[in-house]
Structures are given as C-alpha cells and as structure tokens.
Amino acid sequence: MNIERMVRPCIEKIPPYVPGKPIEEAEREMGLTGVIKMASNENPLGPSKEVRQALMQALDRVSYYPDADNYYLKKALAKEFEVDEDQLLIGSGLDDVNRILAETLLNPGDEVVIPQPTFSMYQSVTLLMGAKPVLVKGRDLGNDPAALAAAVTKKTKLIYICNPNNPTGTIVKKRELIDFLKDLPKNILVVIDEAYADFADDPDFPNGIELFKTGFEQIIVFRTFSKIHGMAGLRLGFAVAAPQLVRNMLKVKDPFNVNLLAQVAGLAALKSKKHVLLSKELVQTGRRLFYKELEELGIEYLPTQANFILIKWGRESNEICRFLLQNGIIVRPTHSFGLPDYFRVTFGTAEQNDRFFRVLREGIRKLKP
Ligand SMILES: Cc1ncc(COP(=O)(O)O)c(C=O)c1O
C-alpha cells in the first residue's frame with residue numbers, strides 16, 4: 001500500500017511549521033535545568049490571578065463538553081469590544097480561526113497575497129486548500145501595502161496583513177492602511193492579524209476593530225488570548241468580521257472547538273485589567289532595555305511595536321542561538337522566515353532580560369571575530 005500516493009498533492013507543498021523549542025525539550029537535550037524561553041512571544045508573567053482562580057474552579061466540569069456557542073464568552077467579548085455577537089467567531093487559538101477562514105473561503109486556484117516575511121501559517125492554510133500563495137517582498141522587511149496592492153489579480157481572494165508583523169515587530173500605519181483598503185476591489189477580503197496589537201503604542205497604529213466598526217466590512221480582524229493574557233497553552237483566539245462571513249465560518253468550525261477551560265479563562269482574562277496593564281508595561285520596559293543594550297553593543301535591530309524584537313546578527317545566526325541555548329536561553333532563529341542572519345527574542349521579565357544580555361555578551365566575546 002502506497003500511503004504517500006493517497007495524500008492530497010497540495011499537502012506535499014506545505015512547509016512544516018517550525019515552533020519555538022519547548023523548555024522541557026531544551027532541558028532534556030542540554031542536560032540543564034532552569035531554562036528560560038524567549039522564543040515564542042509568550043507572556044513571561046503567565047495568566048492573571050483571576051484566570052488561575054477561574055481555572056481551578058472549573059476543573060470539576062471538564063467531564064462535560066464545552067458550550068459549542070461560547071455563550072458567555074461571546075457576550076463578554078461583544079461588550080468589551082463593542083461589536084455585535086454575530087460579528088464574532090471564537091476559535092481554539094488564532095491558528096484555528098485562520099484555518100476555519102481558509103476552509104470557508106478558498107478554492108483551488110484562488111490567489112492569496114501574503115507579505116514576506118510574516119507568520120508562516122497564512123501560507124500553510126492557503127496551500128492546504130490547494131489555493132496559490134502569492135508571496136510579496138516589500139520595503140521594511142514586509143510592511144508594504146503598496147506592494148501588496150500591486151500583487152492583486154482577478155484571482156485574488158484574500159490578503160494577509162500582520163500588524164504588528166511577526167517576526168519584524170513593524171507596523172502598517174493608519175493612513176497607509178486606510179488608503180490601501182479604500183483602493184482595494186471590494187471582492188477581496190483582508191485579514192488584519194492583530195495578535196500583538198495590545199503591545200503597540202505608536203499613535204499611528206490602527207486598531208483594526210475600530211476600523212471595522214467605521215464601515216470597512218471587507219476586513220476580518222484577528223485577536224488572541226495567547227500573548228497579552230498569557231494563555232498560549234489554553235488556545236483561545238477570535239475574529240471580528242461581517243456577520244455573513246461569521247455565519248458561514250460557524251458552519252465550518254468543529255462543534256466544540258474552544259475547550260471548557262479556555263472559555264472560562266477567557267471570561268476571567270477580560271476582567272483582569274491590572275494584569276493587562278502589567279503585561280504591557282513589562283513589554284515597554286523590555287523594549288527600552290533592549291534598544292539601549294543593543295545600541296551599546298553595536299548590534300542592529302528593528303524598532304518594534306510587539307513583545308519581541310528582531311535582532312540582526314549580521315551573519316548566520318545558528319551559532320549564537322545555539323550558544324544561548326547551551327546557556328539555558330531559548331530564542332527563535334529566523335531561518336524559516338527567510339532571515340538566516342537574524343534571530344527573534346521575546347521580551348522577558350527584568351531578570352530574564354538581564355540573563356539574556358549576560359549570555360549574549362559572553363557569546364559575542366566567544367563567537368564574533
Ligand atoms: C501573528 C500571529 N498570528 C497568530 C498566531 C497564533 O496565535 P494563537 O496562539 O492564538 O493560535 C501567532 C502565534 O505566535 C502569531 O504570531
């Protein structure tokens with residue numbers, strides 16, 4: 001039996017996802033303890049106190065299926081973001097939301113415009129559906145609406161904009177985004193992935209949900225609980241979009257896509273205002289520290305609006321990433337983003353940031369010629 005030949009040909013084209021290394025795996029491989037992860041843009045504070053309490057209280061109920069409609073969470077999200085409940089699609093993380101969107105919209109032959117470099121799952125779900133990714137390199141390593149517009153053809157169905165962008169941390173500014181949307185044919189949907197929007201403090205950063213509410217119906221805005229709320233392991237994300245689109249995406253989603261603990265934790269997270277503030281402050285402090293330290297070291301970086309920073313190592317970065325790992329710090333090499341001379345670091349706690357720079361300095365002494 002040749003199983004390979006049974007697999008849909010489009011699957012072969014999907015590049016494997018390269019995740020950040022889990023702490024347990026790094027500790028096993030390196031024979032270390034106390035490894036820290038600054039690789040996957042998680043929140044080093046973890047979830048809020050309110051979320052932890054809600055989870056403990058909900059444990060007894062995990063023998064029941066979760067609410068397929070996310071009744072309470074949807075109501076709370078609608079209130080928090082001042083949108084209608086029928087404009088909300090909740091998923092098991094944005095990965096789930098993104099796949100549901102692709103399965104709802106894409107036919108073989110449809111074109112999907114994707115800036116480069118950016119989050120790899122846009123390309124993966126496009127290929128999964130047998131659609132064609134149109135990869136567009138723009139200025140500023142990817143944030144270039146004009147280049148995206150130039151790549152549009154009659155076959156274009158979807159365009160992705162990751163704002164702030166992963167892995168660069170750079171943004172498309174409000175005026176640029178509005179002009180881009182105004183000029184775009186109205187039969188194209190634009191995903192604005194705002195996984196990192198909570199960390200942006202540039203006054204020109206456009207809030208996609210607010211834009212949607214001003215009448216830009218051709219956008220679908222992605223938000224996640226993985227980053228600002230420190231809940232990456234629970235898997236919870238959502239989209240704000242036109243009700244006609246949401247209604248169809250609901251038919252595609254798995255009935256119980258959002259697990260019971262994620263729903264309960266999501267509700268508690270929306271009430272955890274102090275934790276959100278602390279998480280933002282931690283990132284802003286981390287940003288200032290990284291800028292200062294990297295400048296002192298003469299290392300180039302991209303100014304960032306996210307909870308991570310893209311560092312230009314100047315030559316192949318495997319060696320320095322390996323050195324950091326051997327010293328108990330997991331960072332993210334960016335080869336899979338097509339940036340072999342860079343690496344990405346998630347801001348940590350003050351202690352973790354200090355440890356990072358101690359090891360980086362040692363690495364520079366040992367590895368830089
Ligand atoms: C830009 C972007 N979108 C979506 C995701 C996936 O988010 P979630 O954890 O909600 O699936 C990530 C995860 O790192 C991301 O960087």
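**Ligand site and local backbone features of a predicted model**

Helix 6 (residues 93-105) contributes the largest share of the shell around the ligand, namely three residues, where helices (H or I, at least four residues) and strands (E, at least two) are DSSP runs numbered from the N terminus. The structure is a predicted model, in which local features need pLDDT of at least 70 and side-chain atom pairs count only at pLDDT 80 or more, while totals for chains, interfaces and linings use all residues. Residues are numbered from 1 along each chain as its sequence is written, and side-chain values use heavy atoms, with hydrogens and water left out.

The ligand sits in the largest pocket. A pocket is defined on a 1 Å grid over the protein atoms alone, as an open set of points with protein on both sides within 12 Å along at least five of seven lines, and a molecule sits in a pocket if more than half of its atoms lie within 2 Å of its grid points. Of the 14 residues around the ligand, those that come nearest are Leu94, Asp193, Thr224, Ser226 and Arg235; a residue is counted as near if one of its heavy atoms lies within 4 Å of the molecule.

Polar contacts, which are pairs of N or O atoms within 3.5 Å, are made by the side chains of several residues, including Asp193, where an N or O atom lies 2.6 Å from a nitrogen atom of the ligand. An oxygen atom of the ligand is 2.6 Å from an N or O atom in the side chain of Ser226, and an oxygen atom of the ligand is 2.8 Å from an N or O atom in the side chain of Lys227.

Two cis peptide bonds were identified in loops. The bond from Gln116 to Pro117 is cis, with omega near -5°, and Pro117 is placed in the loop between strand 3 (111-116) and helix 7 (121-128). The bond from Asn163 to Pro164 is likewise cis, with omega near -5°, and Pro164 belongs to the loop between strand 5 and helix 9 (174-183).

Positive phi values occur at two asparagines. Asn41, although not a glycine, has a positive phi of about 60°; this residue is found in the loop between strand 1 (36-37) and helix 4 (49-58) and is buried, with a relative accessible area of 1%. Here buried means under 20% relative accessible area, exposed over 50%, and partly exposed in between (1.4 Å probe, protein chains only). Asn70 has a positive phi near 50°, lies in the loop between helix 4 and helix 5 (71-81), and is buried at a relative accessible area of 3%.

Exposed loop positions include Lys155, with a relative accessible area of 53%, in the loop between helix 8 (145-150) and strand 5 (156-162). Lys155 and Glu111 are 44 residues apart in sequence, yet their C-alpha atoms are 5.4 Å apart in space. Thr33, in the loop between helix 3 (23-30) and strand 1, is exposed at a relative accessible area of 71%, and its C-alpha atom is separated by 29 Å from that of Leu59, 26 residues apart along the chain.

The structure holds zero disulfides, a disulfide being a pair of cysteine sulfur atoms within 2.5 Å. Cys162 is buried at 4% relative accessible area, and Cys321 also counts as buried, at 8% relative accessibility.

Note on methods. Polar contact = N/O pair within 3.5 Å; in protein donor to acceptor, adjacent residues only side chain to side chain. 1 Å grid on protein atoms, 1.4 Å probe; cavity = no way out; pocket = protein on both sides within 12 Å on 5 of 7 lines; lining within 4 Å.
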